[in-house]
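Please look through the sequence and the structure shown here before reading on. The briefing that follows begins with a single residue and then widens to the whole chain.

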Amino acid sequence: LGVNLPFKGIVTKVTQLLASPERSGPGSLNYNQPQSDTGLVSVLSIMGTDDNLIPYEGGPSGVFRGESAFQLMGVEESMLTWVANDGCGTTPVITSVSSSVGTGTAD
């Protein structure tokens, strides 16, 4: 599965990983968390604490129409799952960059 994934990175705009169930279907890409052979995946997740549909702390969501088998991981657990999969450290790396964008007026 892992090295054969058709992508190298993802940007989530809807949700964190599912805590359960482990799989959503029989296909080889239907696992709900990275597997031991998933390979490295760059992840950018943008989530908010005021989201009334996707709970920041995890748990059930209305997107599953009351199906209690589907439980979301909390944001931190979801990101730590990707950290473990990718072998990353948990200490943030902060880089400052500067840019010159000109005067801000069109010629």
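S24 touches L18, N30, N32 and F70, leaving aside residues up to four places away in sequence, where contact means heavy atoms within 4.5 Å. This is a predicted model, in which local features need pLDDT of at least 70 and side-chain atom pairs count only at pLDDT 80 or more, while totals for chains, interfaces and linings use all residues. Residues are numbered from 1 along each chain as its sequence is written, and side-chain values use heavy atoms, with hydrogens and water left out.

**Around S24**
- S24 lies in the loop between β2 (18–20) and β3 (42–45); strands (E, at least two residues) and helices (H or I, at least four) are DSSP runs numbered from the N terminus.
- S24 counts as partly exposed because its relative accessibility is 45%, given that buried means under 20% relative accessible area, exposed over 50% and partly exposed in between (1.4 Å probe, protein chains only).
- The side chains of S24 and N32 are joined by a polar contact of 2.9 Å, that is, a pair of N or O atoms within 3.5 Å, of which, within protein, one must be able to donate a hydrogen and the other to accept it, and residues adjacent in sequence count only if both atoms are side-chain atoms.
- Although S24 and F70 are 46 residues apart along the chain, their C-alpha atoms are separated by 9.1 Å.

**Around S61**
- S61 is found in the loop between β3 and β4 (71–72), and S61 is buried, with a relative accessible area of 7%.
- The side chain of S61 reaches the backbone oxygen of L53 at 2.6 Å, and S61 touches L53, I54, P55 and L72 when residues up to four places away in sequence are not counted.

**Aromatic rings**
- One aromatic pair is found in a search of the whole structure, with rings of Phe, Tyr and Trp (its six-membered ring) pairing if their centres lie within 6.5 Å, and planes under 30 degrees apart counting as stacked, over 60 as edge-to-face and the rest as tilted.
- F64 and F70 form this stacked pair, at 5.0 Å centre to centre and 15° between the planes, and F70 is partly exposed at 22%.

**The chain and its confidence**
- The chain has one helix and four strands, following the pattern β-β-β-β-α along the sequence.
- The mean pLDDT, the predictor's confidence in each residue from 0 to 100, is 80 for the chain.
- Confidence is lowest in strand β1 (residues 9–12), at a mean of 67, and highest in β4, at 92.
- Where pLDDT is low, the predicted coordinates should not be read in detail.
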